[in-house]
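Dear colleague,

I am passing on a structure that I would like you to look over before we talk. My notes on what was found in it follow below.

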Amino acid sequence: DRPALLRTQLRALLRAAGSRALRIMFPMVSTVAEFEQARELVERELTHLRRHGHKLPDEVQVGSMVEVPSLLYQLDELLECADFLSVGSNDLVQFLYAVDRGNPRVATRFDALSAPVLRALKEIADKGRAHNKPVTLCGELASQPIGAIALVAIGYRGLSLTASAMGPVKAVLLDLDSRKAAEFLCPLIEKPSKGKPIRAQLEEFAASQGLQI
């Protein structure tokens, strides 16, 4: 909506990254067309800097956040033009359930370790592998040991988490057999039972494997 402001910000990023690798990620993308417009502005700024003799980054990668549910139905098209994706799990879960996670009256009405959420997250990871593009995830789910187990089980290998969670998450993942976790969790996602929630079953799996969650 404000291309002049965006171009100024992009120009600053590109100039600051002279002779270095730069990764630019656009948030709150809802259509592939939006991402393509933003990427075109990056190309225009690169052309401007090149014409004026500025030192350019050695490499520029342009990616997108996946936090708006509409992108779940445009992943193939998006991955054809994006260099990487990063899932914003907090917003994605909130929008999937139409619940304000900041409102205590409704924030507990959804579970990020439910079948709908995990199916969506697995689909994103699977599409990334199919297109040979890196897909990472940032959000509260990655900062919880039980959440990190689930994410690794469905195919994520790059997680962004809070500094205080680094120790516990690293400890549990060092002891995790990712193949066993995938064999346990993926069938639950594809055909969830009407009994115990997936979270409870995953906690039992962790206990059986001696994992500290």
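Buried here means under 20% relative accessible area, exposed means over 50%, and partly exposed is anything in between, with a 1.4 Å probe and protein chains only. The model is predicted, and for that reason local features need pLDDT of at least 70 and side-chain atom pairs count only at pLDDT 80 or more, while totals for chains, interfaces and linings use all residues. Residues are numbered from 1 along each chain as its sequence is written, and side-chain values use heavy atoms, with hydrogens and water left out.

Helices (DSSP runs of H or I, at least four residues) and strands (runs of E, at least two) are numbered from the N terminus. Among the buried residues of α5 are A115, L118, L121 and A125. Just after this helix, N132 has a positive phi of about 55 degrees.

D91 sits in helix α4 (residues 89-97) and counts as buried because its relative accessibility is 18%. Leaving out residues up to four places away in sequence, D91 touches M28, E67 and R101, where contact means heavy atoms within 4.5 Å.

L161, in the loop between β5 (159-160) and α7 (166-174), is partly exposed because its relative accessible area is 22%. Apart from neighbours within four places in sequence, L161 contacts A142, S143, M166 and V169.
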